[in-house]
Amino acid sequence: MANCYNTGDIKGGDYVGGLSGHIQLLNVYNCYNEGNVIAYKNADSDLSVSSTGGLFGANYMYTNITDCYNKGNVTSDGNTVGGIAGWVNNYTNTSKCYNEG
């Protein structure tokens, strides 16, 4: 995944990100999000919200993220929230990325 971006607001429940809800086995280069990311619990559900990030909700195995950024605000009813990613597996590498949201 290279040279991709989002500028619109994203709203959802679980695994919400400015670019993708979750990624795995992927190299990501020069991508960004400038939209707000909002994850909220459905009033009709007992399930909790998880994995909300400025770029990706969750990053699974063997993922490399390089030269990416988030400038959108990240808001969640859950407890795994981050500017770049809400949840990261041990086998994820992130370099030259930043968050201003």
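Serine 51 counts as buried, because its relative accessibility is 5%, and the cut-off for that class is under 20%. The structure discussed here is a predicted model. In this model, serine 51 is found in the loop that connects strand S7 (37–39) with strand S8 (52–53). Residues up to four places away in sequence being set aside, the contacts of serine 51 are Tyr15, Val16, Gly57, Ala58, Thr80, Gly86 and Trp87.

Methionine 61 is located between strand S9 (56–59) and strand S10 (63–66), in the loop that joins them. Its relative accessibility is 35%, so methionine 61 counts as partly exposed. Methionine 61 also belongs to a nonpolar patch on the surface, which it forms with Leu25, Tyr62 and Tyr91. Taken together, Leu25, Met61, Tyr62 and Tyr91 have about 440 Å² of accessible area.

Serine 95 lies in strand S15, which comprises residues 92–95. With a relative accessible area of 33%, serine 95 is partly exposed, because this class covers values between the 20% limit for buried residues and the 50% limit for exposed ones. When neighbours within four places in sequence are left aside, serine 95 is in contact with Ile65, Thr66 and Asp67. A further spatial relation concerns cysteine 68: its C-alpha atom and that of serine 95 are separated by 8.4 Å, while the two residues are 27 residues apart along the chain.

How values were computed. Residues are numbered from 1 along each chain as its sequence is written. This is a predicted model: local features need pLDDT of at least 70, side-chain atom pairs count only at pLDDT 80 or more; totals for chains, interfaces and linings use all residues. Side-chain values use heavy atoms; hydrogens and water are left out. Patches are made of residues with over 30% relative accessible area and no salt bridge: like charges are joined within 9 Å, nonpolar side chains (Val, Leu, Ile, Met, Phe, Trp, Tyr) within 5 Å. Accessible areas come from the Shrake-Rupley method with a 1.4 Å probe; for residues, only the protein chains shown count as cover. A salt bridge is a side-chain nitrogen of Lys or Arg within 4 Å of a carboxyl oxygen of Asp or Glu. Helices (H or I, at least four residues) and strands (E, at least two) are DSSP runs, numbered from the N terminus. Buried means under 20% relative accessible area, exposed over 50%, partly exposed in between (1.4 Å probe, protein chains only). Contact means heavy atoms within 4.5 Å.
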